[in-house]
Amino acid sequence: MQRKRNWNIWIGFLLCVVGFLSYPFFFAQYPITRDVPWATFLIMAVGLLFLVSGLRRAFGRPQEYKGKIAGSILGVLSVAVVGLFCFGVFYASKQLPKSAGAPQVGQKAPEFSLVDTDKQQVSLASLFAAQLPATKKPPKGVFLVFYRGYW
Amino acid sequence: MEVVAVSVDSPEQSKDLQKEAGLTYVILSDLNAEAIRKYDLLHSKAGQDGHDVARPGEFLVDSNGVVRWVNLTEDFRVRARSEQFLAQARQLK
């Protein structure tokens, strides 16, 4: 008897990869799926379930289903992909300096002078001196957002 | 309110980003990480090719130059949300 192709193994592996890629390319853009990557984990969990069912077929009913070799390889790869994502989310992205010397609430914000995208010098003081186009008044506050950039 | 973004990217890189994403706020270039150092946000060698970058950090400064709110994330995936900014802006009368 011709043995059946074990699709669950392939679907499971594909879902793990899709889940992994979905985070940087899609879910990381939205805070609700970024801060706790539940949507990515959900896709990966479904993938692992498919994989487990495929492996049970391959090893439990080998006369009926193919997939012992492919299943073993894709199983290891899937676990590696999920593991890599967990490493990134639970460890790598938390490796940040303490920044204990950062200005705290109530302290004076350090003055600075940097260039904007038109190469004009901009300082904290100059920001408070300039009028906002919308209100024709100087700003009541400045949100300073430091970010990693293109790195 | 004024929003100002600071990174080690060059003015040209930031200009591209500004155009691409249609950003209207001020983007400042801190190539030598001077301001980033003053705010103790230097993340040394964390850039892709090993150069220094800023770790994410957000501050609200009032017109007296005093810090009114600070957000220093412990996970660079997790940044301040726009709702937080808006809530802080409303409090600053």
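**Ground rules**

I am working with a predicted model, where local features need pLDDT of at least 70, side-chain atom pairs count only at pLDDT 80 or more, and totals for chains, interfaces and linings use all residues. Residues are numbered from 1 along each chain as its sequence is written, while chains are lettered from A and ligands numbered from 1 in the order in which they are written.

**Chain A, layout**

I counted elements before anything else. Chain A has five helices and three strands, where helices (H or I, at least four residues) and strands (E, at least two) are DSSP runs, numbered from the N terminus. Read from the N terminus on, the order is α-α-α-α-β-β-α-β. I then checked how spread out the chain is. Its radius of gyration is 26 Å, well over the 15 Å that the globule rule gives for 151 residues, so chain A is more spread out than a compact globule. The radius is taken over C-alpha atoms, and the rule is 2.2 Å times the number of residues to the power 0.38. Along the principal axes, the C-alpha atoms of chain A fill a box of roughly 85 × 35 × 25 Å.

Two packed helices are described by the angle between their axes and the distance between the axes. Here axes are lines fitted to C-alpha atoms, for helices over the stretch in contact, and angles run from 0 to 180 degrees between N-to-C directions.

I took α3(A), residues 38-60, with α4(A), residues 68-90: they pack at about 160° with axes 10 Å apart. That angle makes α3(A) roughly antiparallel to α4(A); angles under 35 degrees count as roughly parallel, over 145 as roughly antiparallel, 65 to 115 as roughly perpendicular and the rest as oblique. α3(A) passes α4(A) in a left-handed crossing, a term for a near helix turned anticlockwise from the far one by less than a right angle, with right-handed meaning clockwise. Among the residues that meet are Met44(A), Leu48(A) and Phe59(A) from α3(A), and Gly75(A), Val82(A) and Phe85(A) from α4(A). Contact means that the C-beta atoms, placed from the backbone, lie within 7 Å. By class I noted eight nonpolar, six polar and one charged residues in the contact of α3(A) with α4(A). For the classes, Ala, Val, Leu, Ile, Met, Phe, Trp, Tyr, Cys and Pro count as nonpolar, Asp, Glu, Lys and Arg as charged, and the others, Gly among them, as polar.

Next came α1(A), residues 7-25, against α4(A), with an angle of about 20° and axes 9 Å apart. That makes α1(A) roughly parallel to α4(A), and their crossing is left-handed. The contact includes Phe13(A), Val17(A) and Phe20(A) of α1(A), and Leu74(A), Leu77(A) and Val81(A) of α4(A). I noted eleven nonpolar, three polar and no charged residues there.

The axes of α1(A) and α3(A) come within 7 Å and cross at roughly 165°. That makes α1(A) roughly antiparallel to α3(A). This crossing is also left-handed, and its contact residues divide into 15 nonpolar, eight polar and one charged.

**Chain B, layout**

Chain B holds three helices and six strands, ordered β-α-β-α-β-β-β-β-α from the N terminus on. Its C-alpha trace spans about 40 × 30 × 25 Å along its principal axes.

I followed the strands next; two of them pair if DSSP finds at least two bridges between them. β1(B) pairs with β2(B), residues 26-29, in the parallel sense over four bridges, and Val6(B) has Leu28(B) as its bridge partner. β5(B), residues 57-62, and β6(B), residues 67-71, pair in the antiparallel sense over four bridges, with Leu60(B) bridged to Trp69(B). Their hairpin has four residues between the strands, and Gly65(B) takes a positive phi near 80° there.

**Where the chains touch**

I finished on β3(A), which five bridges join to β1(B), residues 2-7, running parallel. Val145(A) has Ala5(B) as its bridge partner, and Leu144(A) has Val4(B).

Methods. Contact = placed C-beta atoms within 7 Å.
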